[in-house]
Amino acid sequence: MTTKKNHKKKYAVLCAALLLMNAATGCAGSPDSSKGTENAASSPAADSTPAEGTQGEQENTANAAFPAFTATDLDGNTVTESIFGEKDLTVLNIWGTFCGPCIGEMPELGEWAKEMPENVQILGLIIDINGEKDTEHRDLAVDITHQAGVAFPNLIANADFAPILEDVIGVPTTLFIDKEGNLVGDPIMGANVDSYKTFVEDYLSEQ
């Protein structure tokens with residue numbers, strides 16, 4: 001019981017640190033301008049065309065196993081790591097409701113999801129919904145995804161994702177997981193759907 005509490009405490013501290021870090025770098029936009037969109041417009045994240053993707057700036061996690069998890073998506077469905085086994089490759093887009101570039105790329109991600117090959121899927125992972133009682137951020141995430149026309153599942157991060165999130169230095173960050181549940185390639189930090197597509201194409205061509 002103590003271990004579980006410590007694990008949850010670690011996750012809470014981690015998420016708080018991530019939120020502060022991203023706010024400091026300006027990734028703090030939302031559809032409501034009163035919540036900091038003007039900060040995102042002048043931020044390093046927003047200035048990098050929009051948040052041009054970069055590889056290799058985070059710890060290389062290629063071939064590491066994604067941790068087991070049990071999570072709930074925005075529709076209330078329970079999702080576990082077994083979802084990775086349903087496709088040859090999963091694109092995991094880690095984002096937050098406070099992040100302007102995350103929100104900005106969402107419509108393009110929604111369109112891409114409709115055009116993906118049958119053996120590829122995309123999932124979202126939202127880092128700033130603090131449990132079931134945090135209806136404010138959950139409702140905001142629902143609004144963001146609905147307005148963007150997103151139909152792919154978006155999971156609500158919990159303590160199970162701490163081993164992955166501790167290596168995330170900014171959002172959006174996109175990871176790639178094979179059907180065995182192993183991370184492949186390097187994380188891409190920043191909103192750059194073209195980079196995600198290129199990785200997927202190159203990965204499939206090598207299989």
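Helices (H or I, at least four residues) and strands (E, at least two) are DSSP runs, numbered from the N terminus. This is a predicted model, in which local features need pLDDT of at least 70 and side-chain atom pairs count only at pLDDT 80 or more, while totals for chains, interfaces and linings use all residues. Residues are numbered from 1 along each chain as its sequence is written, and side-chain values use heavy atoms, with hydrogens and water left out.

**View 1. Gln-121 sits in strand S5.** Gln-121 counts as buried because its relative accessibility is 11%, and buried means under 20% relative accessible area, exposed over 50%, partly exposed in between (1.4 Å probe, protein chains only). The Gln-121 side chain reaches the backbone oxygen of Ile-83 at 2.9 Å. Leaving aside residues up to four places away in sequence, Gln-121 touches several residues (heavy atoms within 4.5 Å), among them Ile-83, Leu-89, Val-91 and Met-116.

**View 2. Strand S7 is mostly covered, with 6 of its 6 residues buried.** On one side you will find Thr-173, Leu-175 and Ile-177, and on the other Thr-174, Phe-176 and Asp-178. S7 pairs with S4 in the antiparallel sense over 6 bridges; pairing takes at least two bridges found by DSSP. Here Val-91 stands opposite Phe-176. S7 is also joined to strand S8 (residues 188-189), antiparallel, by 2 bridges, with Thr-174 opposite Ile-188.

**View 3. The largest nonpolar core has 53 residues.** Such a core is a set of buried Ala, Val, Leu, Ile, Met, Phe, Trp, Tyr and Cys residues joined through side-chain atoms within 4.5 Å. Those with the most contacts inside this core include Phe-161 and Phe-176. Phe-161 touches residues including Phe-66, Phe-69 and Leu-125, not counting residues up to four places away in sequence.

Key
A polar contact is a pair of N or O atoms within 3.5 Å; within protein, one must be able to donate a hydrogen and the other to accept it, and residues adjacent in sequence count only if both atoms are side-chain atoms.
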